[in-house]
Amino acid sequence: MGQVLVFGLISGGIYGLFALGVVMVFRGTGVLSFAQGEIGTAALYVAAYLINDQGLPWVVGALGALVFGIGVGVLFELLVVRRMIGADPVSTAVATVGLLLLITTIEIQYAGSTLISVRGPISQHFAVFGVEVTGTQVLGVLLALALGFGLQSLLRRTDFGLGILAAAQDPTAVRLVGVPLSRVSATVWGAGAALSVIAALLVEPGIGVFAPGFASQLYLVGLAAAVIGGLTSLPGAVIGGLALGLVEAAANKWFGQSGVHGLRYVVVLIVLLVVLVGRQLLPELRARFDTRAEAVA
Amino acid sequence: MSTPLLQILDVTAGFGATTVLHGVSIDVPEGSIAGIFGLNGAGKSVTLKTVAGVVPARSGQVLLDGEDITRWGPEKRVARGMGHIPQGRQVFPELTVEENLRLGAYTLRRRDRSRYAASLDAVYDRFPVLRERRSQLAGTMSGGQQASLCVGRALINQPRLVLVDEPSAGLSPVAALELREVLRDVAATGVTMVLVEQNIAFGLSLVDTAHLMQTGTVVHSSPVGDLDDATLATHLGIGSVLGAATSRMLSSRATPEPPKKGKPRVRRTA
Ligand SMILES: Nc1ncnc2c1ncn2[C@@H]1O[C@H](COP(=O)(O)OP(=O)(O)O)[C@@H](O)[C@H]1O
Ligand SMILES: [Mg+2]
């Protein structure tokens with residue numbers, strides 16, 4: 001039980017970080033981005049180059065990765081997303097799939113299928129509920145919780161942050177009060193990329209190696225977590241991520257021996273379907289219950 | 001005569017293959033209220049949106065204080081003194097009343113933050129209900145209160161020119177009358193306005209000049225005093241509204257407030 005809880009929260013925190021990026025971009029621009037996760041992988045190559053090859057401290061490598069990731073996110077916003085303002089968000093979402101393919105192709109060119117690893121910021125071990133965890137893993141969970149529950153109030157403090165929060169509700173109305181929507185857009189794409197880079201940097205040491213496509217696999221779960229959280233809620237994204245992490249850990253414990261490959265995706269899909277279908281059915285069921293109650297009264 | 005504060009010069013605009021505005025020209029002198037009237041779909045809102053910069057003008061010019069702003073984005077126009085009271089009272093529902101106002105003052109606060117406190121106070125004095133409900137989420141207020149917030153959010157930025165689209169739509173007759181008084185007060189402080197209204201009686205009781213639109217062109221422009229029933233009937237296909245403007249407004253605008261969201265819950269009684 002303790003094992004399920006610890007493993008679940010650790011991977012759930014990572015899903016939550018990815019999901020926060022999904023929500024930021026969706027809130028700021030109304031677009032569902034599929035590429036952001038892979039920006040995390042690409043940034044890991046940058047970190048690996050700086051830390052492993054150049055022998056620089058972890059912090060420097062991480063900062064380099066962060067700057068690179070934000071750069072890619074902002075550049076994509078400038079070159080593609082901005083030109084598609086007013087286009088249907090589905091087209092922009094498809095453009096993000098294009099970016100995903102592009103990044104993956106470049107990664108394969110650069111690294112092939114060589115497995116690389118980057119160490120984490122804190123390698124000390126702790127025992128939590130009898131399970132060995134690293135400081136890096138704990139940091140991931142704490143960061144996800146802090147951002148999930150703190151980012152909103154942080155954004156509310158500045159006028160521009162308020163503009164970001166309002167842009168999701170009505171982008172045109174935001175422009176009509178004078179908030180520069182293009183800056184909102186660039187900021188959320190940069191933030192979304194940054195969250196992916198942070199998640200990738202914190203999750204990789206626990207897994208040990210990475211290869212092209214690494215972060216996208218986790219990002220897809222984050223996408224599902226964001227949808228479960230309602231797509232616009234920052235706390236909801238983190239709660240969704242933690243929930244998926246816990247369900248996955250439980251499934252692993254009880255069905256792990258079955259040797260089913262890709263169990264993670266089966267679990268995520270089932271939870272997603274239950275939530276989505278439930279959301280559709282619930283109002284109907286409630287209405288039926290209400291009419292029954294009326295008849296009784 | 002001095003240059004009008006706003007000049008719309010032979011503007012065309014549209015969406016995709018359709019052209020909606022076929023050469024619209026309207027002059028709005030500083031300190032006046034210009035009314036744009038016309039049937040549903042005539043292009044009134046699109047005209048305001050080209051002035052706002054939300055819909056691009058395909059040809060023609062928009063001048064603000066003589067300066068060509070046709071290619072400016074909406075944000076820059078707001079920073080230069082344009083304010084908006086959009087159709088359908090688009091307050092930010094998930095922000096509080098005070099956050100809505102703070103966002104409304106976005107460009108004022110960037111220019112000179114020290115003026116914000118006084119400006120906020122002035123809005124609260126004009127709408128005491130907003131002061132009372134400053135921490136409430138805007139989406140949970142009544143339609144009339146949201147209308148006040150929408151006006152306050154435009155005024156707090158101290159605009160020179162305010163574009164108002166269908167302010168009376170969906171309001172109770174009393175709330176509509178209150179709103180009219182507010183708009184009158186604001187105009188009396190020298191703010192220039194462009195007002196679009198479906199409710200001709202409401203609109204004519206406010207504006208100085210009337211511009212009648214039909215399928216994307218202005219078919220008649222004149223001071224309100226020079227309008228007669230025949231002109232209105234010809235261009236808008238409506239009967240007599242002049243003279244009885246105010247009383248008709250009360251009786252014909254008995255539109256109920258929009259229903260509250262959410263289903264009424266049935267309580268079980270033992
Ligand atoms: N976003 C849009 N896309 C396509 N057509 C539009 C759009 N907005 C308005 N129109 C069309 O432009 C015409 C004028 O609309 P509008 O200015 O909103 O009318 P109104 O005079 O009632 O305010 C209508 O025929 C409408 O269908
Ligand atoms: Mg309209």
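## Chain A fold and a helix pair in chain B

Chain A has 11 helices and 2 strands, where helices (H or I, at least four residues) and strands (E, at least two) are DSSP runs numbered from the N terminus. The model is predicted: local features need pLDDT of at least 70, side-chain atom pairs count only at pLDDT 80 or more, and totals for chains, interfaces and linings use all residues. Residues are numbered from 1 along each chain as its sequence is written, and side-chain values use heavy atoms, without hydrogens and water.

From the N terminus, the order in chain A is α-α-α-α-β-β-α-α-α-α-α-α-α. Overall values for chain A follow.

| Property of chain A | Value |
|---|---|
| C-alpha span along principal axes | about 75 × 55 × 35 Å |
| Radius of gyration | 20 Å |
| Buried residues | 47% of the 297 residues |

A compact globule of 297 residues would have a radius of gyration near 19 Å, so the 20 Å of chain A agrees. That radius is taken over C-alpha atoms; the globule rule is 2.2 Å times the number of residues to the power 0.38. Buried means under 20% relative accessible area (1.4 Å probe, protein chains only).

Now chain B. Helix H3 (residues 97-104) and helix H5 (residues 116-126) of chain B pack at about 125°, with axes 11 Å apart. B:Glu98, B:Leu101 and B:Arg102 in H3(B) meet B:Tyr116, B:Leu120, B:Val123 and B:Tyr124 in H5(B), with contact meaning heavy atoms within 4.5 Å.

How values were computed. Chains lettered and ligands numbered in written order. Axes fitted to C-alpha atoms, helices over the stretch in contact; angles between N-to-C directions. Buried < 20%, exposed > 50% of the residue type's maximum accessible area, 1.4 Å probe, protein only.
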